[in-house]
Amino acid sequence: MRGGGGARALGQWGEDQVAERLQAQGWRIVARNFRCRMGEIDLIAEDGRYLAFVEVKLRKDGSYGAACEAVTLSKQRKLRLTAESYLLHRTTELQPRFDVAEVYAPQGVRTEQPDIYYIENAF
């Protein structure tokens, strides 16, 4: 892999972990890495009641603070604008919300059971 491929692969692995957890809980993943000029949303999932826009943050550990702290007010604004763009072209009766998933993986992709903390209605 060239450039930031390693970090991107690790991020994708973290998103996969969260997607699998959500699917095991009955959620359906409707989009991954949705992009528009406003930004990107890692996962968009629905469960029949909510349409969750999920930001996934992966860290080896919490030594530099909680992973969710990386979802700054500026990042939240970009996520809201990106979600608005997504919703402009789709009809849904589901209640939208913004969730954050923290993934802690001390051995990176070799972590057998990463710790995942899922924050509903994070902002």
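Predicted model: local features only at pLDDT ≥ 70, side-chain atom pairs only at ≥ 80, totals over all residues.

Let's begin with Arg49, which sits in the loop between β2 and β3. Residues are numbered from 1 along each chain as its sequence is written, and side-chain values use heavy atoms, with hydrogens and water left out.

Is Arg49 buried or exposed? Arg49 counts as exposed, because its relative accessibility is 56%. The cut-offs are under 20% relative accessible area for buried, over 50% for exposed and partly exposed in between, with a 1.4 Å probe and protein chains only. Not counting residues up to four places away in sequence, Arg49 touches Leu94 and Gln95, where contact means heavy atoms within 4.5 Å. Leu94 is 45 residues from Arg49 along the chain, and their C-alpha atoms are separated by 5.3 Å. The side chain of Arg49 also has a polar contact of 3.4 Å with the side chain of Tyr50. By polar contact I mean a pair of N or O atoms within 3.5 Å; within protein, one must be able to donate a hydrogen and the other to accept it, and residues adjacent in sequence count only if both atoms are side-chain atoms.

Now to another arginine, Arg97, in strand β4. Arg97 is buried, because its relative accessible area is 5%. Beyond its neighbours within four places in sequence, Arg97 is in contact with a list of residues that includes Trp27, Tyr50, Phe53, Tyr118 and Asn121. Phe53 is 44 residues from Arg97 in sequence, with 6.2 Å between the two C-alpha atoms. What does the side chain of Arg97 join in a polar contact of 2.9 Å? That partner is the side chain of Asp99.

Most residues other than glycine have a negative phi. Asn33 counts as buried, because its relative accessibility is 13%.

Next comes Lys57, in strand β3. With 16% relative accessibility, Lys57 counts as buried. Its side chain makes a polar contact of 3.3 Å with the side chain of Glu55. Setting aside neighbours within four places in sequence, the contacts of Lys57 are Ala67, Ala70, Val71, Ala101, Glu102 and Val103.

Both Lys57 and Glu55 also line the largest pocket, which holds about 210 Å³ of space. On a 1 Å grid over the protein atoms alone, a pocket is an open set of points where a 1.4 Å probe fits, with protein on both sides within 12 Å along at least five of seven lines, and lining residues have an atom within 4 Å of a point. The volume is the space filled by probe spheres set on the points. Which strand gives the most to the lining? It is β3, with five residues. α1 (5-24), β2 (39-46) and β3 (50-59) each supply at least two. By class, the lining has two nonpolar, one polar and eight charged residues. Here Ala, Val, Leu, Ile, Met, Phe, Trp, Tyr, Cys and Pro count as nonpolar, Asp, Glu, Lys and Arg as charged, and the others, Gly among them, as polar.

Lys60, in the loop between β3 and α2, is exposed, because its relative accessible area is 58%. Leaving aside neighbours within four places, Lys60 is in contact with Tyr104, Ala105 and Pro106. Thr111, in the loop between β4 (95-104) and β5 (115-119), is buried, with a relative accessible area of 7%. A polar atom of the Thr111 side chain lies 2.8 Å from the backbone nitrogen of Gln107.

How values were computed:
Helix = DSSP H or I, 4+ residues; strand = E, 2+ residues; numbered from the N terminus.
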